[in-house]
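Here are my notes on this model, point by point. Please keep the structure open as you read.

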Amino acid sequence: MARVLVLGAGFGGIAAATRLRSLLDPSDEVVLVDRSTDFVMGLHKTWEVVGAHPLEEGRRPLAALRGRGIDVRQASVEAIEPAARRVRLDGAWVDADAIVVALGAETVPQVVPGLAQHGVNVWDRANAGRARDALAALERGRLLVGVFGTPYACPPGPFELALLARDALAARGAQVSVEVFGPMPIALPVLGPAESAKVEALLDAAGIPFHRGQPATSVGAGVVHLADGRDLAFDLLLAVPPHRVPRVLVDAGLAPAGGWVGVDPRTLATPFAGVYAVGDATAITLAHGLPLPKAGLFAEAEGHAVAERIAAEFAGREPTATFDGTGTCFAETGGGRAVQIDARFYADPPAADVQGPSEGAMAGKAAFEADRLAAWFGR
Ligand SMILES: Cc1cc2nc3c(=O)[nH]c(=O)nc-3n(C[C@H](O)[C@H](O)[C@H](O)COP(=O)(O)OP(=O)(O)OC[C@H]3O[C@@H](n4cnc5c(N)ncnc54)[C@H](O)[C@@H]3O)c2cc1C
């Protein structure tokens, strides 16, 4: 009997655990650990904020995965000893034959002076209701969607939020302008200038200025201070704070302080035998020098590849499954439409294609969530 510990039950962890369960012998244990009791996709956070669909609609209890033979444990991952393949969960050490690290990225608004007091961290689902109420109460003035650091999860997400918020404000006749700022030189650097320009054109058409290349240094009451000395005033600041790797991964020696977990781009192996890492906690540098975007679809595909490799190793076979850096994601643009982004990020140079907006891509986005919830949780 062997045991796999999957740390984190987000996109990557659930994908790895469910795939492992379908591949391993029933006598092998698949233990899935998370401090949370449920799963919600990031896209549902945005829907909640703009009043499109309640968060509750997309929430699923992790306990439901027990019915599939996965040992779901609600616990904090307090320490990891990767060389010994053991993990401390709520004070108790647990040994494993293989470990999948899928702890995601944390948002850290506290590193930007004034951000936590004056802005709403919309990348944390705990704040989605507060952001929704603040947006719904806004009658006039200026809404700022601000990116406070890169990399951040879901690169198109802030632009999608701005477009959807603009739609919601216009629908009820609010006299509110919407603007976006961030340190990026173009909206989506990883896609390259031509494809990024398609997204920027959508912002232009919606009358949403994008203040590019503008790192923020601090936030005051109703004002963001930029590094170049200029200020951006706001009545509501919906913020994407800087992200960082969970501290436990730095303490474990899996990630450098201020960095991310280094993995082989195709196998997701860490330098420690039997220890893999997937998803937002990792950094994979592409041929053009930019990192693979932090996105659920990649965390999922990585989780699948790792599960296949572990199953092969347990069966005494040479593992052959790899992650190929391809994927399709959808970003809503308002009016019931979305763009579809097809990417081949491991190509040299990395390739991406932004198509739409279209109603078909919007249907693709809805299916992206519905298909996974059905496959993992049965509904
Ligand atoms: C607003 C928004 C919209 C998005 N839209 C999309 C989209 O449309 N498509 C897409 O592909 N991606 C999207 N994303 C990005 C996507 O959500 C992330 O890339 C994805 O969740 C990363 O998966 P992960 O498994 O690496 O981490 P996560 O899904 O973040 O999971 C990490 C898990 O680890 C747990 N954890 C962390 N530390 C500990 C600890 N010490 N002890 C116990 N548990 C711990 C957390 O509770 C969490 O459940 C969006 C993100 C946001 C914020």
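How many bridges join strand E7 to strand E8, and do the strands run parallel or antiparallel?

1. Four bridges join E7 (residues 86-89) to E8 (residues 92-95). The two strands run antiparallel. Bear in mind that this is a predicted model.

2. Look next at the hairpin itself. Two residues lie between strands E7 and E8. In this hairpin, aspartate 90 takes a positive phi near 45°. Arginine 88 stands opposite tryptophan 93 in E8.

3. Now the helix pair. The axes of H1 (residues 11-23) and H8 (residues 296-314) come within 7 Å. They cross at roughly 30°. Angles under 35 degrees count as roughly parallel, so H1 is roughly parallel to H8. The crossing of H1 past H8 is right-handed.

4. Which residues make the contact between H1 and H8? H1 contributes residues including Phe11, Ala15, Ala16, Leu20 and Leu23. From H8 come, among them, Ala299, Val306, Ala307, Ile310 and Ala311. Charged residues also take part, including Arg19 of H1 and Glu300 of H8. By class, the H1-H8 contact has ten nonpolar, five polar and four charged residues.

5. On the domains: domain 1 covers 3-105 + 245-314, and domain 2 covers 127-240. Their centres, taken over C-alpha atoms, are 30 Å apart.

6. The two domains do touch. In the contact, 15 residues of domain 1 meet 19 residues of domain 2. The domain 1 side divides into eight nonpolar, three polar and four charged residues.

Technical notes:
Residues are numbered from 1 along each chain as its sequence is written. This is a predicted model: local features need pLDDT of at least 70, side-chain atom pairs count only at pLDDT 80 or more; totals for chains, interfaces and linings use all residues. Axes are lines fitted to C-alpha atoms, for helices over the stretch in contact, and angles run from 0 to 180 degrees between N-to-C directions. Angles under 35 degrees count as roughly parallel, over 145 as roughly antiparallel, 65 to 115 as roughly perpendicular and the rest as oblique. A crossing is left-handed if the near helix is turned anticlockwise from the far one by less than a right angle, and right-handed if clockwise. Two residues are in contact if their C-beta atoms, placed from the backbone, lie within 7 Å. Two strands pair if DSSP finds at least two bridges between them. Domain bounds come from an automatic or database domain assignment.
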